[in-house]
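Please keep the sequence and the 3D view open while going through the points.

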Amino acid sequence: MDALDTLHGALAAVTPWWAATLGVLLVLFALGFTGAPLWLWAVAGLVALVGFGAPVWALAAFTALALVFLITPIRRTLSLGVMKAMKAMKFLPVISSTEQEAIDAGTVWVEGELFSGKPDFDRIMAQDYAGLTPDEQAFLDGPVEELCQMTDDWDVWQRRDLAPEVWQKLKDDRFFGLIIPREYGGHGFSPSANSAVVAKVSTVSSTLGITVMVPNSLGPAELLIHYGTEAQKDHYLPRLARGEDIPSFALTEPNAGSDAGAISSHGDVFKGDDGELYVRLNWRKRYITLAAISTVLGLAFKLRDPENLLGQGEDLGITCALVPTDTPGVVLGKRHDPLGVPFYNCPTEGHDVVVKLEDALIGGAAGAGKGWRMLMQSLAAGRGISLPASSTGGIKAAGRVASAHALVRKQFGLSIGKFEGIEEPLARIGGWTYLMEAARRYTNGGLDSGAKPAVVTAMMKYNTTELFRHAVNDGMDILGGNGISRGPRNTLAHAYIGIPVSITVEGANILTRTLMIFGQGAIRCHPYALKEMQALMNWDVKAFDAAFWPHIGHVVRNAFRAIGLSVTRGRFAGSPVSGIAAPYWRKLAWSSATFAFLADLAMGTLGGDLKRKEKLTGRFADIFSWMYLGAATLRRFEAEGRLKEDEPFVHWAMQYALAQMQDAFDGLFGNLSVPGATWLFRGPLAAWSRFNRLSAFPSDNVGHKVAAAMQVPGAQRERLFGGVFVSDDPTTPGGRLEHAFRLAYEAESVASKIKAAIKRRELPRAHPSTLIPQAVESGILSSDEAALLQRAEEARNDAIQVDAFDVEDYFRSAVEPGAVESHPLRAHDSLAGSGDGSSEDAGAVAYGAAVEPQDPAAEG
């Protein structure tokens, strides 16, 4: 006792109370920020108590309490009490078997770092930024390029199908076997190559893209590769690779969409007269791509075994089977019309369809009841390939078209791309394009290495399709009348029409955002949540104790990190790189800590009810997604050598990502209900968050730099918009615009000479193109410059024209040939071509068809 009093006195003599208090707070912050172990907290607390002169009884009480938590057998008694309380409170969400299998599907990849609150950026940076092998690149440059050249999207829409020669090309070059291993006659391509092929062909025609992607996504080939018997692989895979069999996969039903576990399609096991086991199938499916022309139908259904012939009970659950479509009872032939996009999307029914069990069930008898797990495991990877590829290819194509049009199209004597009103949407397209390609390549790198990150692929599906939707809208605004006038010249309208299809399939976006990204992510990506849930379900005190108390420490650490990084605006966090990217890495660390703390707070206060708070989970999903997209963007910048000219795109993309996170954080602070502390979150903390923002949206200056770079032909533009089909033929829609774009850029300096001469009053005020001869005579332009300007003006004028149709052409794609004459509107004189005008003129007037002025001077 005397010794302690002596120590207290000595400390008090040399350390003022305020300094001691500050020292304790600093140590407390250091322990919390670094996530120090419990024993170190105990030692520090003991030292602090001694330093402040605590009585012996207080020291003894503190020591006893610390030992309760430090000695494992004693602590487990507390853990058991916590488990009983959670059970009584029904704290765990009710999880169905299908939800559980979805949660268990796939793997956790770098998204786990972002969810942790203390991400290992070195690990994130170490992931491969995927490229293609020489063989894969050769296929892209050869057969894929040839396929694109022979596909005319306008013709596809008019005939409501791909041309016969295109179908033959798909079969000849084994486009349906991109993922099928080479030993079975396929290409055995990586996810990166699969993605690159889908991205490129989708820029020519969405119908072509869908036709290529579906057989190489979730379907018979994918399921057979991973789960089929050797006999099934040997029979089907070579035929699928050669295109001898056309596959489709039937899951969705009228009453089972997002809730796929509610499917009513069923199959009953029975023993045939030959002693073999068979399945009698009945189904009614819809929205099945390629079904009407398929020769083998993949089918998801609920398997029943009334006589327990398989020895696994009566109800075996969701099962997958392969059904040859020429089997009696299979009904095909009808097509849906998904917004007019002419790909095969169809209903199908089956009535008492009998198939041999071992041949039909994927995996044979061993695959009975395992269908949902098969589907979820396959989607865990596949969801990150097809639609992200077509969306990224699509936004590149939209960016190429919009930026070229912005330079080519002139109003008030200027390219419209020089107006800030056009720069704003153009910059959005450019920034999103840089970000989406970064995420596509980065995600594919993970898939190439064998990862199956179900949460990341859900992020990719949702965010790439949504950004593509916004980008197409921006592109349509920039193109104006050229965007809304359908015809062979229009390069954007069909994307605008068809984008809702991508939003809807492979998990509707509302579902994907509110339930999958965070709902599944909170369980799979959290370092402790799944372990705690499994321990509770198994009533395993040891496992629960090993997860629960580290979880408490995890929450404490993230609380301190969130506070420290918020106050310092991320400066306490490290960065894996230096330069312009470093502040963004630090802000990602700040975001991760705040996100992780709030996620734990929401899970802890709402428990199983969080599953139903979809507005909150949607905001959590937004933060989680944009952290991942931001990390991928920074990885791209590093992988491509920190190119100086790309810095505006990095700044724009990262500022946009951080601003999106900020909006979501503001929504969480404004809507979280925390017992006893709601006022704190909705008041002071919400105000602090709005004041101390992660980032504002990109500035006008950054947007100007992005938009300007997009309108300059050259290596940077090709890198930004690469991987899409670009025709060299100036008579094609894309080739015509690109040709005009290059000439318009080359001629800008020449046109500037004429404008300068007008200002000096050496030439009269008029459109520069009308002054070319006079400018040559006056010595203002050389003959070569005049020729360049003349070619540029002719190309520009051609590129901005839109299509117009006479009556017969207009109706040709809507009715059977010859039926135009009997159309009821033909009775009207103006439509019949009577009167003073010709039939062509009357038709143009009747349908409001407008032709852009042919006189370039009228553009001025």
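1. Angles between axes count as roughly parallel under 35 degrees, roughly antiparallel over 145, roughly perpendicular from 65 to 115, and oblique for the rest. The axes are lines fitted to C-alpha atoms, for helices over the stretch in contact, and the angles run from 0 to 180 degrees between N-to-C directions. Helices (H or I, at least four residues) and strands (E, at least two) are DSSP runs, numbered from the N terminus.

2. This is a predicted model, in which local features need pLDDT of at least 70 and side-chain atom pairs count only at pLDDT 80 or more, while totals for chains, interfaces and linings use all residues. Residues are numbered from 1 along each chain as its sequence is written, and side-chain values use heavy atoms, leaving out hydrogens and water.

3. How do helix H3 and helix H4 run relative to each other? The axes of H3 (residues 38–51) and H4 (residues 56–70) come within 10 Å and cross at roughly 180°, so the two helices are roughly antiparallel.

4. Arg-160, in the loop between helix H10 (153–159) and helix H11 (164–172), has a positive phi near 60° although it is not a glycine. Most residues other than glycine have a negative phi.
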